[in-house]
Amino acid sequence: MIKVIFLSVDNPYLRATKIPLQMNLHEYQAKELLKRYNVPTQEGVAVDKVDDAVNAYKQMATNSGSKFAVVKAQIHAGGRGKGRIKEYPDQAGVKVVKSADEVETVAHNILGHTLVTIQTGPTGKKVNKILIAQDMYYDGPSERKEFYMSILLDRAKKQNVIMYSTEGGMDIETVAHDTPEKIFKEWVHPGFPLMPFQARKIAFNLGLNGLAFINMVAFVGKLYDAYVGLDCSMLEINPLFKSADDKIIAVDCKMNVDENALIRHSDLADMRDKSEEDPTEVEAGEYNLNYVKLDGNVGCMVNGAGLAMATMDMIKLAGGEPANFLDVGGSANAQTVEAGFRIILKDPHVKAILINIFGGIVRCDRVASGVIEAYKNLGNINIPIIVRLQGTNAEIAKELIVNSGLKVQSAILLSEAAELVQKAVAGN
């Protein structure tokens, strides 16, 4: 689950306005979904055991008559081909193989180990599955070619955009940076389908003719139908392959689905791989909390994204750094407050916790009671807690906290909370 945070101009660190949620899918899952829309894809079998990888290779070799196949690590990150297995530095995340023995070795080196790519960072990601995929580089009457294609929402134009290039493959980022003129764009109004002339324009710009041109026009139309039908927020094919016999095939696929649309796709929700997500974010989701871990030293618990935005700005101005974004929503109670505490306290870098609640939908005294109950349930908390409550029953809430006997500092004004945060950070 990826949470996209929009940065403000006046705060170079962070300013959150809202957090659209996206569910990432593995390559093998995305390809299965594309098949529902008759999009031609590279065939493959996903496995999680070495023996199953060998058996899948043998069956594929028998069916295709080719000894070549590709072993692909399945993680939610790009750059797998250039990435390396941490425990076996000579092993890439994607490897062409030509024998059962080679499949066994590669599968052993990848499965259960950590793949480090440019997108995972130095910690990498554990590989729990691999895809044994068919070889696409067979001989034929014409030239093979790799393209790039993706579909996403252009928020500035408020239209879907198909981005494509003749320069597909592992170096597409370099192409976009060094030769942006090789990246073409075709916009589609969300209220209309992809028009036939647009699909033909794309095939023409990719330099195709004959059967390859016809197949590309059909491919683009089906791919756009899949993007819309599956409520994708991003759909990327790289490489998009023209085979030697002029077939157009999705060899790799990255797909993100808008989580807000999962109510229409209950089967897609079952594809979520929680092992690929931050454990604290998964836990927060179980309590309907919007949580994003950051790198700061002040944990914050707020109701409403707009107030969270102001709170994080205030933390910065007070000399601290936000350790997280945590929105408990408008129905905060003792259970959600306690869950928020537990999640924040898992971060060893947190030196203080600021709870900033505006009592509109939720009463401040109810939140105060929740804080007191959560504090008692959690036992000894060794870092300062500042509670700023404003709105309905704010004075009652402050009195409850003051009379609780707990080491919780209360504030009503934002300036009071800022001063207490500054002192807490300086004292730790």
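Glu104 counts as partly exposed because its relative accessibility is 41%; the class lies between buried (under 20% relative accessible area) and exposed (over 50%), using a 1.4 Å probe and protein chains only. The model is predicted: local features need pLDDT of at least 70, side-chain atom pairs count only at pLDDT 80 or more, and totals for chains, interfaces and linings use all residues. Residues are numbered from 1 along each chain as its sequence is written, and side-chain values use heavy atoms, with hydrogens and water left out.

Glu104 sits in helix H3. With Asp51, Asp52 and Asp101, Glu104 forms a surface patch of negative charge. Patch residues have over 30% relative accessible area and no salt bridge, and like charges are joined within 9 Å. A salt bridge is a side-chain nitrogen of Lys or Arg within 4 Å of a carboxyl oxygen of Asp or Glu. Helices H2 (50–64) and H3 (100–110) each contribute at least two patch residues.

## His113

His113 lies in the loop between H3 and strand E7 (114–116). His113 counts as buried because its relative accessibility is 16%. Beyond neighbours within four places in sequence, His113 is in contact (heavy atoms within 4.5 Å) with Ile85, Glu87, Tyr88, His108, Lys125, Lys126 and Val127. Glu32 is 81 residues from His113 in sequence and 25 Å away, C-alpha to C-alpha.

## Backbone points

The peptide bond from Asn238 to Pro239 is cis, with omega near 10°. Pro239 belongs to strand E13 (residues 232–242).

Asn38 is not a glycine, yet has a positive phi of about 60°. Asn38 is in the loop between helix H1 (27–35) and strand E3 (44–47). A relative accessible area of 54% makes Asn38 exposed. Asp246, also a residue other than glycine, has a positive phi near 70°. Asp246 is in the loop between E13 and strand E14 (248–250). Asp246 counts as buried, at 18% relative accessibility.

## Whole chain

The protein chain holds 13 helices and 21 strands. These are DSSP runs, numbered from the N terminus: helices are H or I with at least four residues, strands E with at least two. The C-alpha trace spans about 85 × 50 × 40 Å along its principal axes. Of the 428 residues, 51% count as buried. Among contacts with a separation of 6 or more, 68% come from residues 24 or more positions apart.

The chain carries 47 positive and 52 negative side chains, and the centres of the two sets lie 1 Å apart. Lys and Arg count as positive, Asp and Glu as negative; His and the chain ends are not counted. Charges are placed at NZ of Lys, CZ of Arg, CG of Asp or CD of Glu.

Note on methods: Patches are made of residues with over 30% relative accessible area and no salt bridge: like charges are joined within 9 Å, nonpolar side chains (Val, Leu, Ile, Met, Phe, Trp, Tyr) within 5 Å. Accessible areas come from the Shrake-Rupley method with a 1.4 Å probe; for residues, only the protein chains shown count as cover.
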